[in-house]
Amino acid sequence: MSNSRVIFSVSNALCKWLRSDLHRFPAEAGQQQGVTPLITDAETISWQCHVIFTDSWRERATVIAVEAYSRFTLLLPFDIKPTQAQLEQRLCEYWAEELVSLMIKYGDISRDQAPRVFTRFHERTQQIEWVRNTDLSVNGHVNDAEQWVKELLATRGLDALDDDLALDLSWTINTLEKRAKQPNGKKRTFYPPALFAHDGVSRFVSENNIDTPYQASKSLPDNVIPLFGPKE
């Protein structure tokens, strides 16, 4: 299995917060710049990233990252603004931890295999590209996550998430059934953890070219909506 190209697509708000002068995806003729659709396939995995501030002093923030195909959501709270390199490291670490945890939960790997999967993950995600861009379709799920965060904090009378609360809330968000439009215009219905874990197995575990979740959906007739639920 070859290395994966990782794309972190960053909203204007997150770009400004990081004070990073990121380039935009080149826009094709007739397309609006800065809203290029993200692609996750056998060679690439893309994330839409945004930041929200949860106190009136704008000192405590939560970074929201949503994977483009599975819509798997990560919530990362910060008390101090990170550098772009620090955010990249934390995103990748949290991504790997969640992925390996799910693969163990679903029986895709044993706990003894986890260290090898972590090693493969870090070996195969070295090609990372940051761009200033917002995929409007994926961003709808980012906005949903933002509302979840704000409502939870208001209900509990808090001004910020801690790591444990962020982990619990992200799991609640990820276990909800999601709907998204396919390239052919049809809607697909799915659960993010199953697709996210399936992608991880295809990239970091399997030695063979097993079907990836996006390849599997393309093979279905247009009138069939794939439903990927958690394994029992």
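This is a predicted model: local features need pLDDT of at least 70, side-chain atom pairs count only at pLDDT 80 or more; totals for chains, interfaces and linings use all residues.
The chain has seven helices and eight strands.

**Whole chain**

- The chain has 232 residues, and 49% of them count as buried.
- Its accessible surface comes to about 12,000 Å². Carbon and sulfur atoms hold 47% of that surface.
- Take the contacts between residues at least 6 apart in sequence: 66% of them join residues at least 24 apart.

**Helix pair α4 and α5**

- Helix α4 covers residues 136-156, and helix α5 covers residues 163-174.
- They pack at an angle of about 130 degrees. Their axes lie 11 Å apart.
- The crossing of α4 and α5 is right-handed.
- On the α4 side, the contact uses A145, W148, V149, L152 and R156. On the α5 side, it uses L165, L169, T172 and I173.
- By class, the contact of α4 with α5 has seven nonpolar residues, one polar and one charged.

**Helix pair α2 and α5**

- Helix α2 spans residues 84-105. It packs with α5 at an angle of about 55 degrees.
- The axes of α2 and α5 are 14 Å apart.
- The crossing of α2 and α5 is right-handed.
- From α2, the residues in contact are R90, Y94, E98, L102 and K105. They meet D163, A166, L167, S170 and W171 of α5.
- The class count for α2 with α5 is five nonpolar, one polar and four charged residues.

**Helix pair α2 and α3**

- Helix α3 is made of residues 114-124. With α2 it packs at an angle of about 140 degrees.
- The axes of α2 and α3 are 10 Å apart.
- The crossing of α2 and α3 is right-handed.
- α2 contributes C92, W95, A96, E97, L99, V100, M103 and I104. α3 answers with A114, V117, F118 and F121.
- Sorted by class, the contact of α2 with α3 has 11 nonpolar residues, no polar ones and one charged.

**The loop between α1 and β2**

- R19, P26 and L38 are placed in this loop. Helix α1 is residues 12-18, and strand β2 is residues 44-53.
- R19 is not a glycine, yet its phi is positive, at about 55 degrees.
- R19 counts as exposed because its relative accessibility is 73%, and the cut-off is over 50%.
- P26 counts as exposed too, at 70% relative accessibility.
- P26 and T36 are 10 residues apart along the chain. Their C-alpha atoms are separated by 8.5 Å.
- L38 counts as buried because its relative accessibility is 11%, and the cut-off is under 20%.
- Beyond neighbours within four places in sequence, L38 is in contact with S9, F25, S46, W47, Q48, A68, N133 and D135.
- L38 and I7 are 31 residues apart along the chain, with C-alpha atoms separated by 8.5 Å.

**R71, in the loop between β3 and β4**

- R71 sits between β3 (61-67) and β4 (73-78).
- Phi of R71 is near 60 degrees, a positive value in a residue other than glycine.
- R71 counts as buried, at 5% relative accessibility. R19, with its own positive phi, counts as exposed.

**D168, in helix α5**

- D168 is placed in helix α5.
- Its relative accessible area is 49%, so D168 is partly exposed.
- D168 and L75 are 93 residues apart in sequence. From C-alpha to C-alpha they are 9.6 Å apart.

Conventions:
Residues are numbered from 1 along each chain as its sequence is written. Side-chain values use heavy atoms; hydrogens and water are left out. Axes are lines fitted to C-alpha atoms, for helices over the stretch in contact, and angles run from 0 to 180 degrees between N-to-C directions. Helices (H or I, at least four residues) and strands (E, at least two) are DSSP runs, numbered from the N terminus. A crossing is left-handed if the near helix is turned anticlockwise from the far one by less than a right angle, and right-handed if clockwise. Contact means heavy atoms within 4.5 Å. Ala, Val, Leu, Ile, Met, Phe, Trp, Tyr, Cys and Pro count as nonpolar, Asp, Glu, Lys and Arg as charged, and the others, Gly among them, as polar. Buried means under 20% relative accessible area, exposed over 50%, partly exposed in between (1.4 Å probe, protein chains only). Accessible areas come from the Shrake-Rupley method with a 1.4 Å probe; for residues, only the protein chains shown count as cover.
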